[in-house]
Structure formats: C-alpha cells, structure tokens
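Let's take a friendly walk through this structure, from the contact between its chains to the details of single side chains. Have the viewer open as you read.

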Amino acid sequence: MESLLPILLILIAAAFAPLLQRVPGRVAGWGLALLPGAFFIHFLTLLPAVQNGGERLFTLPWIPTLGISLSFRFEGLSLLFALLVLGVGALVLVYAGGYLAGHARRGRFFSFMLLFMASMLGVVLADNLLLLFVFWEMTSIASYLLIGFYTDKEKSRRSALQALLVTGFGGLALLAGIILTGVAGGSYDIAALLSSEEALRTHGLYLPALLLILLGAFTKSAQVPFHFWLPGAMAAPAPVSAYLHSATMVKAGVYLLARLNPVFGGTEEWHYLLTLAGGATMVIGAFLAAPQTDLKRLLAYSTVSALGMLVMLIGLSTDLAAKAAMVFLVVHSLYKGALFMVAGVIDHQAGSRDVRELHGLARVMPFTAAAAFLAALSMTGFPPLLGFIGKELMYEAKMQAPSASVFLLVAGVLANAVNIAVALIVGMRPFVGRKPVRPGRAHEGPVSLWLGPLLLGLGGLVFGLFPSLIGRTLIEPAVQSVRAEHVDVALKLWHGINPVLMLSLLTIVVGVLMFLLRLRARRVAAELRVPELLLPGGLYRRVVDALPGAAGRMVRHVQSGYLRAYLFTILVVFILLAGYTFLKLPGWPIDTGFGDVSFYSVGLVVLMIAATIMVLVARTRLVAIAALGVIGFGIAAIYVIYSAPDLAITQILVETLTVLIFLFVIRHLPRFGVRSSVPTQLRDAVVAVFSGIVVTLYSLKASGVQLDTAISTFFAENSLPAAFGRNVVNVILVDFRAMDTLGEVTVLAVAAIGVYAMMKLRRGNGRVS
Amino acid sequence: MMEQLLTDSLNTAPITGMVILSLIVVMINALKKEPLATEYWVSLVGIVINIGLAVWVFPERGTAFSGSVMTGGYASVTAIIFLTAAALTIMLARVYIDKIGANFGEFFHLILFVTTGMMSFAAGLDLLVTFVGLELMSIPLYVLAGITRRNLKATEAALKYFLLGAFSTGFFVYGIGLIYGMTGTTKILDIAQNINAYSSEPLFMVGAGLMLVGFAFKVGAVPFHMWVPDVYEGSPTMVSAFMSTGVKAAAFSALLLVFTATFDFMHSSINTVVAVLSVASMVIGNIVALSQKNFKRMLAYSSIAHAGYMLIGITAGGGVSIAGVLFYLVAYMLTNLGAFGIASFIENSDQTGTDIDDFRGLYQRHPALAVILGVFMFSLIGLPPFAGFFGKYYIFVAAIENGYTWLTIVGVITSMISVYYYLRVVVVMFFQPEGEQVQTARFGREGAFALAVAAAGVLLIGVFPSVVLDWVSALF
C-alpha cells in the first residue's frame with residue numbers, strides 16, 4: 001500500500017485542486033504541500049526497510065487476462081526517486097503558491113502539478129513495465145499542460161507542443177521496446193525480468209528492444225539529438241521548470257536506465273550507446289550553455305549537460321560509476337531545483353531574466369541571495385558542499401572507466417568548467433556588484449518564495465558536511481538496485497591529496513577563468529553560429545513545418561474528388577491482385593471442354609458484342625440504355641437456350657425494370673457533356689479490357705470445377721414421385737422452391753410499387769435544388 | 001422440427017428483436033404525424049431491450065437455422081457493440097437532426113435497419129446471410145447519407161457512397177460466387193473444415209481475395225478508401241459518426257469471423273495482402289490527415305488509419321488478435337462517436353462550421369466539451385490511461401507474438417505522426433482565442449448524457465480494460 005496510496009491520494013487532490021481557485025494562492029500552496037510533505041516523512045521512516053536489498057512488493061490484479069497487474073515495488077532506487085519527487089514537490093508547491101499568488105488560473109495549475117506528481121511517483125514505483133509506461137505518458141501530458149500554461153503566449157504553445165511531440169514520439173518507441181522486452185523476457189514485471197536477464201541479453205530481440213527503450217529514455221531525458229525541447233520548455237512558469245525540467249521529469253529517463261541496468265546492462269551495446277550519447281550530451285549541453293544570457297536558458301542547457309553526465313555514468317557500468325551517478329543525481333536535484341526557483345524569484349521580483357541587466361540584488365533580496373550562493377557553490381563542486389563529493393566521485397569513476405578514460409576525463413573537465421561558469425553567472429553575478437538598476441522595484445519576496453530554494457541549498461551544505469546522513473541510508477540501497485549486488489557506500493568529504501582532487505582544482509580554475517572571460521566567449525560563440533538547419537531543433541521545425549504541405553500535395557493526388565478516379569484505382573488494384581494470382585499460381589489450364597456450341601448462342605453473342613460497342617459509341621443516353629437492354633435480354637435468351645427458364649424469367653423482369661428506372665432518371669439529366677481526351681479514353685479502355693479478361697478467366701476456371709453433389713439428379717428423380725409433375729423446371733418453380741418464387745415475385749412487386757410512387761412524386765413535388 | 005425452430009429463434013433473439021423493432025418504428029412513423037418523440041423513445045427502449053437479449057443469449061454458443069447464423073458468444077458481443085453504437089448515435093443526434101432539418105421519422109428506423117444488417121453481417125455463418133446482412137446494412141446508409149437531400153454536399157456524398165458501395169458489393173458477391181464454384185457450399189463452417197485443401201486452390205483464394213476487397217471497402221482501407229473522406233465530410237455528422245463506428249465495427253466483426261476465426265488464413269498469401277492494405281492505410285491515412293482543415297475530414301482520414309491498425313490484428317490472426325480487434329472496436333466506437341458528437345453539437349444548421357478552426361476557444365465557451373474532446377483526441381493517439389492505448393497495445397502484442405514485429409514498428413511510427421494532427425485540435429480548443437463567428441453548442445439532455453457515457457467509457461476501459469477484455473476474450 002505504500003506505493004498505491006500516495007499516488008491515489010495525490011490524484012484525488014489533483015481532481016479537486018481547481019476548487020482552490022477561491023483560496024488565496026499562498027494558502028493553497030502551503031495547504032497542498034502538506035500532502036507530499038507528509039508522504040515524504042512517511043517514506044523517510046521506511047528507509048530501514050530497503051537496506052541491504054530489502055524490498056516490498058504490492059500487487060493488485062488489473063488485467064488478469066493478459067497477466068498484467070498493478071504491481072509496485074518499493075526498494076532503494078524507487079525510494080530515492082520517490083523522496084526527491086515528494087520532497088522537492090512539497091517545496092515547489094509552496095513556492096508555486098507564492099509565485100502564482102494572484103493568477104487567475106492557479107487552481108488549474110495546482111491540479112496539473114499534482115497530476116504530474118502522482119504520475120511521476122507512479123513511474124518510479126511501478127514494477128510492471130506497462131504500468132510504468134502508462135505513468136510515463138501521463139507525465140508527458142502533464143508536462144504539456146504545464147509548459148503551455150501561459151496559453152496566451154504563442155511561444156509557450158509552440159514549446160508545449162514541441163515538448164509533447166518529442167517525448168510523445170519517444171514514449172511510443174518506449175512502448176514498442178517494452179513490448180519487445182516482454183516478448184523476449186517472458187514478463188513485464190521488472191522483478192521477474194531480473195531473474196531472466198541472461199536469456200534476454202542473448203535473445204534476438206535484445207538489440208531492437210534496447211534501441212527502442214533508449215529512444216524513449218533519451219527523448220525524455222533530453223539527450224542529444226533530442227535535447228532541444230528542454231530549453232524550449234523554459235516557457236513554462238518557474239515552478240514547473242524547477243520541478244519537472246530539472247529535478248524530476250527529465251530524470252525519468254535516467255531512472256529507467258538505472259532501473260533496467262541489471263536487466264539490459266553489461267553488454268557492449270549498452271556500454272557504448274550510453275557513454276557515447278551521455279558524453280556527447282554532456283559536452284554539447286555545456287557548449288550550448290556558454291553563450292546564453294537568459295537565466296533560465298543557461299540553467300536549461302546546463303541541465304542538459306548534467307543529464308548527459310548521468311546517462312554516461314550509468315553507461316560506464318561500474319560500481320563506482322553507479323555510486324557517482326546516484327550521488328550526483330541528488331546533488332543536481334538539490335542545486336538545480338533551487339537555482340531554477342531563484343531564477344523565478346528574480347524574474348518575479350526584479351522583472352528581468354537577462355544576466356547582463358541584473359546586479360546587486362543581494363542587498364534587497366538577502367534570503368534569495370543566500371539560497372542562490374549555497375546552490376551555486378554546490379554546483380561548482382566547492383568543498384564542503386555535497387557537489388564536491390559528487391564531482392570527486394565522478395572523476396574517480398571516469399579514471400577507472402573500462403575504456404577511453406582520458407577522453408572522458410577531458411570532456412568531463414570541460415563540461416564541469418562550463419557548469420561552474422554557469423553557476424557563477426546565475427548564482428553569484430545577479431546578487432553582487434553595483435546597486436540594482438531599479439532598486440525601488442526589486443525587493444525580497446514573501447517567505448514562500450525563498451523558503452524552497454533556501455532549504456534545498458542548505459540541503460547541499462548539510463549533506464556535504466555530514467555525508468554519512470545519506471550515504472548508507474539512501475545512496476547505498478539505490479546503488480544496490482542499479483548494480484543488483486551489494487556495494488559498500490561510505491561517503492567522505494576528504495580523501496586526501498590525490499589526482500582526483502587535482503582535477504577538481506583544475507576544473508574550478510578553468511571554470512572561474514571561463515566566468516571571467518564570459519563576454520568574449522559570448523562574442524566568439526555568436527560568430528560560431530552553426531546553421532540552424534544542422535541543429536536538431538532546426539531539423540525538427542523543418543519537418544514539422546513541411547509535413548502539412550507534403551500531406552497537402554499527397555491529398556491532391558490521391559483524393560481528387562472524382563468518382564471515375566476512384567473507380568479507376570479500385571479496378572487497377574483488382575486487376576493487379578487477381579491477375580498476379582492468376583499468373584503466379586500453378587494449375588491454371590482453362591477447361592476448354594465447352595461441348596457443342598449452338599448456332600443460336602453464337603448469334604446471340606455476336607448481337608451482344610455489337611450492343612456493347614453501341615453502348616460505347618452512343619451519342620445519347622437513350623441509345624446507350626437501349627443497347628444495354630439488348631445485352632440484358634441477350635443474357636436472358638442464353639439462359640433459355642441452356643434450359644434455365646426460371647433464371648431467364650427473373651432476368652427479363654429485372655432487365656425490364658432496370659431499363660424503365662433508367663429511363664425515368666435520364667429524363668432529368670443533361671445531355672452528354674465534354675468527352676474525355678483520347679489518351680484518357682485509351683487508358684480507360686485498357687483498364688476495362690483487362691478487367692474483362694480477368695473476370696472471364698476466373699469464370700472459365702470456376703465452370704471447370706467438378707462439384708461433388710449434383711443437385712440436378714435429385715430434382716430429376718424426385719420430381720414425379722414427390723411432386724407429381726413431369727416438367728422438372730415447373731416443379732422446381734412452384735413446388736420445391738415455391739418460397740423462393742414467392743419471394744422473387746414479392747420483391748418485384750414492391751420494386752414496381754416503388755417505381756410507381758417515384759413517378760407520382762415527380763409530378764407532385766418540386767425539384768431538388 | 002418446430003422445437004428446433006423455436007430454439008433457433010430464441011437464440012437469435014437479438015436479431016429477430018431488431019427486425020421487429022425496426023418494423024414497429026416504421027409503422028409508428030407511417031401512422032402518425034406528431035413530432036418524433038415516440039419514434040425516439042421506442043427506438044431507444046427497444047435497443048436497450050435488445051442489448052438485454054444479447055446478454056441473455058450470450059451463453060448459448062452455437063449455430064442456428066442449420067448452421068447459417070451464429071448464436072451467443074461472438075454474435076452477442078458484436079451485437080452489443082452495434083446496439084450501443086446505435087443507441088448513442090440516436091441520443092447524440094436527437095437535437096442535431098432537428099437543427100439541420102432532417103427530423104424525419106425515417107432517421108430512426110433507418111438506423112435500426114442498418115443495425116439489424118450489421119448484426120446479421122457479423123453473425124452470418126452462411127455467405128449468403130453475410131451478404132444479405134451487408135446489403136441490409138448498406139442500403140439504408142446510402143439513404144441516411146443523403147437524408148438532407150437539399151444539401152448539395154450531402155447529396156453528392158450519398159451518390160458517391162451508393163455507386164462505389166454497389167460496385168464493391170459486386171466484388172463481394174463475385175467472390176462468394178467463386179468460392180461456391182470451388183466448394184459447392186456457402187456454409188462457412190463446412191468450408192472451414194476443408195480449408196487446408198482449399199487454401200492451395202487459386203480459385204478459392206481469388207474468391208476470398210475478392211471478398212476481401214468488399215470488406216476492405218467497408219472498413220475503409222487503402223486503396224479502397226476514397227469514398228471515406230468525401231462521404232464523412234458530406235453526410236450529416238451523426239450519420240458519419242455511425243458509419244465510422246458501427247459500420248466499421250460490423251465490417252471488421254464479419255471479417256474476423258470469416259477470415260480469422262473460421263477460415264483462419266494464417267501465413268497465406270491473403271495475409272500478405274492484408275498486411276499491405278494495413279501498411280498503406282496507416283501510412284496514407286495518417287499522413288494525409290496532417291493537412292486537413294475540416295474536422296470531419298480529418299476524422300475520416302484518421303478512421304482510415306485506424307482501420308490500418310486493426311488490419312494489423314487481422315494479419316496476425318489468432319485468439320489474441322480477435323480479442324484485440326474487438327477491444328479496439330469498442331474503444332474506437334466510444335471515442336469516435338463522442339468526437340463526432342461534439343462536432344455535431346457545434347455545427348451550424350446548414351451543416352457548415354466543422355472546420356478545425358471552428359473549435360477555437362471552445363474551452364472558454366464550453367469547458368466540459370473541450371476537456372472531453374481532449375480526452376477523445378488523446379485516446380485516438382493511443383495515450384494511456386485512455387481506452388485507445390490498450391486497443392493499440394493488444395494488437396501490437398498479437399502482431400509481435402505472431403512474428404509481425406515489422407508491422408508493429410510501422411504502426412508505432414505512424415502513430416507518432418498522428419500525434420501531430422490530433423493535438424492540433426487540442427491546441428486550437430484550449431489555447432487559441434475564439435473566432436469572430438461564435439457557435440453555441442446545442443445538444444440537449446440526451447446528447448449530454450450520451451456524451452458522458454462515451455467519455456466515461458473511454459476512461460473506464462482505459463483504466464480497467466478487463467471490463468471489456470473479459471467479454472471479448474476466448475470467444476472461439
């Protein structure tokens with residue numbers, strides 16, 4: 001129940017949150033935060049339960065027919081993420097209460113936030129992959145609604161759609177990957193997959209499943225080349241950026257990779273794909289962050305970079321790397337969440353997010369400044385903050401990487417240096433220096449606005465000073481989940497003077513240099529502009545913009561609106577399919593045993609052929625219909641020759657009626673209009689001739705089949721004894737199949753009445769407009 | 001003899017009941033000139049009673065009338081699907097037909113006749129019964145498509161539908177003829193007994209192929225889809241709704257019964273053909289839908305694409321596929337009826353105002369309608385936790401289990417494309433300001449109720465798919 005209850009309760013709260021519209025925003029924020037806050041504390045008390053690989057399973061039947069159940073698993077990794085989701089969530093709700101205090105649609109906002117929170121909890125607690133997928137997609141939808149929250153801004157609508165398209169694409173790929181995994185591994189339960197991981201890795205579907213799942217994880221966690229949606233998502237209100245786009249949702253991909261590491265990991269494909277994508281993202285994210293001047297975009301690109309580091313660490317697949325990943329995950333959520341909230345406060349209170357305009361804010365916003373300093377210090381990896389420990393572990397892991405450790409280290413130092421510069425630009429620069437430009441305007445926000453960032457910043461400090469608080473209790477079980485074996489985690493602040501420390505110092509020096517040279521760097525970057533089309537974001541826009549046009553051109557070809565074009569297509573497909581079958585399959589000698597052909601039949605056939613030609617060349621409809629009638633009556637005559645008077649009678653009646661109806665209708669039609677051009681006529685003629693040939697061939701073949709049961713003998717034998725009639729045909733008509741005859745007569749009578757009624761109506765009623 | 005007749009009649013009670021009901025409503029319509037309340041209520045109550053009958057005969061699995069009609073089980077489940085579609089259509093259309101000036105009593109009994117036809121079509125175990133069902137379903141629809149006969153677009157739609165429909169039925173009958181020529185019987189179960197021998201007979205396979213053309217036409221699969229956009233756009237919206245859900249469901253049910261459940265063409269050339277139809281439908285339907293400006297036309301292309309997804313299930317074959325396609329049909333029926341229903345609510349009285357741009361700012365005017373339509377769009381994309389997701393899921397699973405992974409991949413990729421045009425509707429409704437010409441939705445209590453049922457259904461079976469899955473599984 002630990003898993004289901006919070007999700008359910010938060011979902012229920014989401015349903016009722018719009019009612020909070022009447023309550024002042026801050027009150028609503030504080031009130032709603034109680035819910036995740038309480039669960040956060042409750043989950044803390046459960047920490048001992050997950051030590052040493054302890055876990056709790058909770059299963060409810062859901063779709064028993066398919067063996068899918070609502071199964072949740074509660075263990076190290078899940079708990080770590082759940083605590084992040086709930087803890088940061090509670091602070092963000094408080095913050096959002098202040099941020100949107102007077103907003104007209106804040107009720108809706110809270111509802112979406114809670115919906116997201118519940119979905120995200122579902123993602124990290126679900127044990128069944130399909131269940132996980134359901135929650136996964138729900139986070140995408142919630143994110144879409146939240147990014148597009150400022151609905152009156154065109155940009156925010158575009159960004160919301162872009163984020164949803166990218167993560168939605170990825171989500172569908174993930175679904176395909178999950179299904180393949182289920183087929184290959186025999187189950188959708190992660191717990192069950194863990195025990196059959198060897199079979200899965202050697203299964204033929206391993207690689208496709210892996211690629212599809214990676215596609216899902218990479219899009220969600222903004223890995224290159226899918227990173228471009230994340231900076232766009234900064235159009236969302238600050239609480240959303242802090243919560244979804246730095247602390248939680250974008251880490252869902254990382255979570256999935258960490259969770260599946262014991263199942264999929266350990267292969268070369270896994271190792272190379274993850275380190276490559278992660279490494280590239282780490283460097284490119286940092287590179288893209290450098291020239292930015294908008295607070296939120298700076299943070300967004302550095303988040304991309306950090307996500308790359310996490311993916312790369314998971315890809316390294318060593319105990320040390322797993323340890324580094326888990327620590328860095330916590331570090332990053334703490335400082336990045338705080339910095340995003342700070343950026344929001346600055347925007348909210350000072351009216352700008354441009355770093356070139358912001359300075360001296362510390363004097364008017366002391367608490368915010370304190371929070372920002374703490375978070376930025378942690379981000380630079382300065383001792384004694386938790387960020388320092390995270391960076392040390394990361395370098396250590398890279399040094400001991402199975403391959404390419406030099407390359408990884410250089411890339412790591414570069415990326416980290418840029419992040420240090422970013423930390424200084426965002427966390428320090430706005431607060432120091434000259435007096436604010438508009439001092440009267442900028443002022444400290446209410447407690448709800450600075451409490452969240454300050455607590456998160458303090459978290460970085462406290463856990464840095466006392467790393468044992470989280471080492472054994474929180475990180476160790478999580479690492480155990482990732483590695484599927486016990487790994488000792490003893491976090492220490494001081495490791496003595498060693499190469500890793502040297503690297504850290506080097507990074508800080510380079511980072512500070514970058515900060516000092518940032519103006520020049522921006523200029524260089526501005527000159528280095530890559531053509532937009534080459535960037536994935538530009539490509540995305542190209543594709544999205546071009547699709548409707550391409551589709552439009554396609555429509556004009558396949559959907560002309562002309563009935564004759566439709567008929568033409570259908571006939572061509574028919575000829576191709578049926579003709580192909582005819583040619584391809586063996587055993588097609590046409591039965592040529594036609595027996596004697598009577599003189600009359602030949603004459604009739606000649607007549608019918610002549611009539612057909614008449615139909616085609618006729619200049620008025622009347623002639624065409626008369627000629628059609630000749631064909632129909634010719635068929636009736638052939639029935640007579642082959643002794644089937646009942647058929648002949650039916651045919652004559654139907655033919656008469658048809659011709660009559662035709663005559664009634666054509667009275668109201670205009671004369672023949674423009675005839676088609678000669679090439680079109682030729683084309684149609686070819687199609688018509690081939691249709692005729694195909695139909696004829698199959699009819700000939702059908703007539704050659706010998707049926708086992710000859711019904712004719714039955715009638716011949718029983719006609720006299722059973723029905724006392726010598727004329728077999730008469731007996732069939734009025735006795736053996738009397739009901740059929742009655743039916744036919746009735747149908748004809750009804751049809752005749754209908755025709756008569758139509759004639760009457762025509763006279764009385766006006767014309768159809 | 002009489003006893004057998006009685007049992008057979010009882011076991012086919014839903015169909016017989018619908019015939020009687022249709023005739024009753026015809027008589028009511030002929031004998032009185034009042035407003036349509038009586039026809040409406042009699043039809044609705046009658047349909048509900050028939051749903052009850054279908055549930056009642058569910059355990060009576062077997063055949064009736066010397067093996068020419070199926071009873072219970074599959075027949076019941078499909079009957080319930082069609083009857084539900086008919087009931088929702090009638091309720092959603094109650095105010096609508098008044099608005100567009102099509103408040104003829106014929107509307108109700110034509111719907112009832114179509115439903116009767118669907119039930120015989122999907123329960124026929126004799127190819128002739130199947131054919132009669134097909135025609136009984138189709139002919140009243142030609143009339144319904146043109147029921148607003150002073151509207152040029154509707155008349156054109158009706159005529160196109162009629163001509164192409166008659167043409168495709170020709171293929172169907174010709175196919176039945178060839179099959180009869182080969183086997184000497186039209187009893188599906190008798191044919192199925194020797195299916196292995198027949199499967200190697202080109203004549204039989206071509207007969208089956210021609211029947212497939214008829215089916216493909218009715219389900220709206222590429223390249224037999226051309227009538228779909230023109231007809232859906234031109235016909236009165238609720239008629240299009242009924243066509244896109246009920247008729248498609250009936251054609252798929254009959255296709256499942258004949259091709260998947262009894263003939264069982266697993267891994268034959270027919271499957272290759274179906275796979276080709278499926279891919280073509282998914283690709284063309286989804287891509288062309290991108291450029292549509294009219295909501296009904298967009299839904300028409302989307303319905304072609306969805307036919308493609310369901311054809312994946314037909315290609316894959318087997319029990320999971322049958323359950324999957326049936327589940328998909330239920331999900332699609334509820335979703336699409338609701339989506340068309342909302343379009344009919346905001347439509348103008350001259351049947352214009354169904355462009356996507358006409359949905360601008362719907363959220364401001366009718367928040368509930370906008371939210372519900374949003375749910376339908378998400379369900380059509382196939383996002384959880386809505387019904388559409390599990391529909392796609394079951395079909396994909398069936399395909400992968402039967403070795404059609406590549407079809408699943410095509411399905412997933414084309415689903416990704418579809419995200420774009422479904423979401424555009426959501427964006428327009430929620431995020432764009434209202435246009436100058438504001439249409440106020442008219443739907444009445446009946447419409448609101450039906451819409452609520454559809455929306456609740458989409459959510460319910462999205463969250464608890466077992467509700468439906470238990471009914472549609474293990475029918476054969």
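The sections below cover the interface, a helix, a threonine and the salt bridges.

## Where the chains meet

Please keep in mind that this is a predicted model. Chain B and chain A bury about 6,100 Å² between them, and 80% of that area is on carbon and sulfur atoms. Three residues, B:Met226, B:Tyr420 and B:Phe431, supply 11% of the area that chain B buries against chain A, more than any other three residues. The contact draws 68 residues from chain B and 64 residues from chain A.

How many salt bridges cross the interface of chain B and chain A? The rule finds zero. Polar contacts do occur there, with four residue pairs counted between chain B and chain A. On the side of chain B that touches chain A, H7(B) gives the most, with twelve residues. By class, that side of chain B has 50 nonpolar, twelve polar and six charged residues.

## An enclosed helix in chain A

Helix H3 of chain A runs over residues 76-99, and its 24 residues reach 34 Å from the first C-alpha to the last. That is close to the 34 Å expected at 1.5 Å a residue. Is H3(A) enclosed or open? It is largely enclosed by the rest of the structure, because 24 of its 24 residues are buried.

## A buried threonine in chain B

B:Thr115 belongs to helix H5 of chain B, which covers residues 106-123. With 0% relative accessibility, B:Thr115 counts as buried, since the cut-off is under 20%. A polar atom of the B:Thr115 side chain lies 2.6 Å from the backbone oxygen of B:Ile111.

Which residues does B:Thr115 touch, leaving aside its neighbours within four places in sequence? They are B:Met18, B:Phe82, B:Leu83, B:Ala86 and B:Phe242.

## Salt bridges in chain A

Over all chains, the structure holds 18 salt bridges. One of them joins the side chains of A:Arg259 and A:Glu75, at 2.8 Å from N to O. This pair links distant parts of the chain, 184 residues apart: A:Arg259 is in helix H12 (residues 252-264), and A:Glu75 is in the loop between strand S2 (68-74) and H3 of chain A. A:Arg259 is buried at a relative accessible area of 3%, and A:Glu75 is buried at 5%.

A:Arg356 and A:Asp354 also form a salt bridge, with their closest N and O atoms 3.0 Å apart. Here A:Arg356 is exposed, at a relative accessible area of 55%, whereas A:Asp354 counts as buried at 19%. In a further pair, the side chains of A:Glu476 and A:Arg472 meet at 2.7 Å, N to O. Both lie in helix H20 (residues 468-483) of chain A, and they are separated by about one helical turn because they are four residues apart. A:Glu476 is buried at 5%, while A:Arg472 is partly exposed at 41%.

## A network in chain B

Salt bridges that share partners join B:Lys153, B:Glu156, B:Lys160, B:Asp230, B:Glu233 and B:Arg297 into one network. Among these residues, B:Glu156 is found in helix H7 (residues 152-183) of chain B. B:Glu156 counts as partly exposed, at 43% relative accessibility. The C-alpha atom of B:Glu156 is separated by 38 Å from that of B:Lys187, 31 residues apart along the chain.

Note on methods. Residues are numbered from 1 along each chain as its sequence is written. Chains are lettered from A and ligands numbered from 1 in the order in which they are written. This is a predicted model: local features need pLDDT of at least 70, side-chain atom pairs count only at pLDDT 80 or more; totals for chains, interfaces and linings use all residues. Side-chain values use heavy atoms; hydrogens and water are left out. Helices (H or I, at least four residues) and strands (E, at least two) are DSSP runs, numbered from the N terminus. Buried means under 20% relative accessible area, exposed over 50%, partly exposed in between (1.4 Å probe, protein chains only). The expected span of a helix is 1.5 Å times one less than its number of residues. Contact means heavy atoms within 4.5 Å. Buried area is the accessible area (1.4 Å probe) that two parts lose on being put together, summed over both. A salt bridge is a side-chain nitrogen of Lys or Arg within 4 Å of a carboxyl oxygen of Asp or Glu. A polar contact is a pair of N or O atoms within 3.5 Å; within protein, one must be able to donate a hydrogen and the other to accept it, and residues adjacent in sequence count only if both atoms are side-chain atoms. Ala, Val, Leu, Ile, Met, Phe, Trp, Tyr, Cys and Pro count as nonpolar, Asp, Glu, Lys and Arg as charged, and the others, Gly among them, as polar.
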